[in-house]
Amino acid sequence: MSTETGARALDNPVWSALHGAHRDVARFGPAGLAARYSADTTPFAGLADPRDPRAWADLAELVGPGRSVWVTGLLTPPPGWETAVALPGVQLDGRAVRAEPAPDAVRLGPADVPEMLELVALTRPGPFLDRTVELGTYLGVRQGGRLVAMAGERMRPAGWSELSAVCTHPDHRGRGLAARLIRAVAAEVRERGESPFLHAAAQNTGAVRLYESMGFALRRRPDFLGLRTPVKEG
């Protein structure tokens, strides 16, 4: 796979992931022009071609009338779709990031989900649900048996893996835990022959500065849209 071909997967990362590494947790529209993650993994959906009204109609059929769904990219929903949240974001290419294992990191799994959900509720890194941990590798750091930091993988478009759920308990910030875990997850991504990337809210300037200091480079500025599907009349 050429670099150009691989980079194009990042233009439509949800669609690419749901037709590849995450096909087992994908739900597809009746016309095959829209797909979404199973509801207990992550709320994101993708479109074969965001410029095609038929893809949006297929997504509406898949999600159901008056229901919520998240999409990302440079998108303009058609008439009838309600935008509940519009969050400007950044997409960062991590091919230049130094990746290395973290000896103090522990692998997290389904048994750790209650603690992971507590940490996410406290730090709000983005959507994290009961089965998000199944989307890829999740690593954490424990202090006194308590989970104080974690990072993992979410979307996996062809040739890439999105580092996600990067969070540190407020009492343990300033010790470089997030950077260590990012590099450790990136090391696992590289071992599979894939490249790491990140999404972040553009307004989260502190996190973006950290990522850029590690070698992540701005690739594009997508929006994260929380949408409500059209309600059929009659």
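**Exercise 1.** Find out where R124 sits and whether it is buried or exposed.

*Solution.* Start with the location: R124 is in the loop that runs between α4 (113-123) and β7 (138-143); helices (H or I, at least four residues) and strands (E, at least two) are DSSP runs, numbered from the N terminus. Next, the backbone: R124 isn't a glycine, yet its phi is positive, near 55°. Last, R124 is exposed, at 71% relative accessible area (buried is under 20%, exposed over 50%, partly exposed in between, with a 1.4 Å probe and protein chains only).

A quick word on ground rules. This is a predicted model, where local features need pLDDT of at least 70 and side-chain atom pairs count only at 80 or more, while totals for chains, interfaces and linings use all residues. Residues are numbered from 1 along each chain as its sequence is written, and side-chain values use heavy atoms, leaving out hydrogens and water.

**Exercise 2.** Now do A165: which strand holds it, and is it buried or exposed?

*Solution.* A165 belongs to β9 (residues 160-168). Its phi is positive too, about 55°, although A165 is not a glycine. With a relative accessible area of 8%, A165 is buried.

**Exercise 3.** Work out which element gives the largest share of the largest nonpolar core.

*Solution.* This core has 27 residues, and L163, I182, Y211 and F216 have the most contacts inside it (a core is a set of buried Ala, Val, Leu, Ile, Met, Phe, Trp, Tyr and Cys residues joined through side-chain atoms within 4.5 Å). The largest share, nine residues, comes from α5.
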